[in-house]
Amino acid sequence: MLDRSDRVIARPRHPEKVRLPDTPVRKKPSWIRVRAPGAHAFTATRDILRRHRLTTVCEEASCPNIGECWGKRHATFMILGDTCTRACAFCNVRTGRPGALDPHEPARVAEAVAALDLAHVVVTSVDRDDLADGGAAHFAATIGAIRAARPAASIEVLTPDFRRKEGALEIVVAAAPDVFNHNVETVPSLYRRIRPGADYRHSLRLLSRARALRPDLFTKSGIMVGLGETEAEVVAVMDDLRAASVDFLTIGQYLQPTRKHAAIDRFVTPEEFQSYKRIAEEKGFLLVASSPLTRSSYHAAQDFARLKLARQVAHRA
Ligand code: SF4
């Protein structure tokens, strides 16, 4: 952006949050300790991503696990550009008006997948409410490019809600990802404050329709806790997700990215995460990941193997 004297003015990362009051970012408790980046593999991962001019949610969302994941050459690709058309109160991804789609991005993702030697690939995106199909065809093209470059790799997509994008989900599912993930993010009572552009019931329908379109697909969803929800509300979300036939549930601690983002209500203890895990398992999810540092794509490759095994066991029973 230029001002009248043609000086470059830094565009705020979250223009809609500039006027919000500051909320101090709370110190993390002792049980939230992350591995510092620095390993050789971390640098190699970063170099491959830079060379292919790719965006990752690992960096854009300031994920606390980046040291560990990139140190194992695992990164989560964020396609459809780096600018999101929504303005969720929890998310650190840049917001504003996105640029044009890059038609070469799917090929670059596939080349990076090969360079990183990934056996399981996670692809997510920003929300693109400005596109007629919400970016669904670009998702499908990315899945196709990865399949062509790396036929043995499993592919997991973490998609936007494709609200008011008729036919978008069908396009993504027809491209045959192995895992369809869409996060409900929080309990419905907090949607207006935390996820104002979304609709809880719509997100549940999206998950349930994905499963109905392809019954062999694994479906996955997740929530953050520590935003002010009650335990009863978390349990009710579990019931809703099971009613939508979701296989895999992830639960992690919300961490406030900046002083302008939603404040943390509290740090949920490791014991409470264990209790959520037990409750969710009793409700019949094939797999549950619940810990302070759990994120949608954290340990995704190992979890996909466990998910497949769990389904085989369930079918034999
Ligand atoms: S948990 Fe996911 S988003 Fe975070 S660093 Fe690992 S792969 Fe990236």
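This is a predicted model: local features need pLDDT of at least 70, side-chain atom pairs count only at pLDDT 80 or more; totals for chains, interfaces and linings use all residues.

Student: Which residues are around the ligand?
Tutor: The shell around the ligand consists of Val57, Cys58, Cys63, Asn65, Ile66, Cys69, His74, Ala75, Thr76, Arg295, Ser297 and Tyr298. Two or more of these residues come from helix 2 (57–60), and the other element that gives two or more is helix 3 (66–71).

Student: How does that shell divide by class?
Tutor: Seven residues of the shell are nonpolar, four are polar and one is charged.

Student: Changing topic, at what angle do helix 4 and helix 5 pack?
Tutor: Helix 4 (residues 105–116) and helix 5 (residues 136–149) pack at about 35°, and their axes are 8 Å apart. Helix 4 contributes residues including Val109, Ala110 and Val113 to the contact, while helix 5 contributes residues including Ala141, Ala145 and Ile146. By class, the residues of this contact are eleven nonpolar, two polar and one charged.

Student: And is the crossing left-handed or right-handed?
Tutor: Helix 4 passes helix 5 in a right-handed crossing.

Student: What is phi of arginine 73 near?
Tutor: Phi of arginine 73 is near 60°, which is a positive value in a residue other than glycine. Arginine 73 sits in the loop between helix 3 and strand 1 (76–79).

Student: Where is glutamate 185 found?
Tutor: Glutamate 185 is in the loop between strand 4 (179–181) and helix 7 (191–194), and its phi, near 75°, is positive too.

Student: Why does arginine 73 count as partly exposed?
Tutor: Arginine 73 counts as partly exposed because it has 16 C-beta neighbours inside 10 Å, whereas glutamate 185 is buried because 24 other C-beta atoms lie within 10 Å, and buried requires 20 or more.

Terms used:
Residues are numbered from 1 along each chain as its sequence is written. A residue is near a molecule or strand if its C-beta atom, placed from the backbone, lies within 6 Å of it. Helices (H or I, at least four residues) and strands (E, at least two) are DSSP runs, numbered from the N terminus. Ala, Val, Leu, Ile, Met, Phe, Trp, Tyr, Cys and Pro count as nonpolar, Asp, Glu, Lys and Arg as charged, and the others, Gly among them, as polar. Axes are lines fitted to C-alpha atoms, for helices over the stretch in contact, and angles run from 0 to 180 degrees between N-to-C directions. A crossing is left-handed if the near helix is turned anticlockwise from the far one by less than a right angle, and right-handed if clockwise. Two residues are in contact if their C-beta atoms, placed from the backbone, lie within 7 Å. A residue is buried if 20 or more other C-beta atoms lie within 10 Å of its own, exposed if 12 or fewer, and partly exposed in between; C-beta atoms are placed from the backbone.
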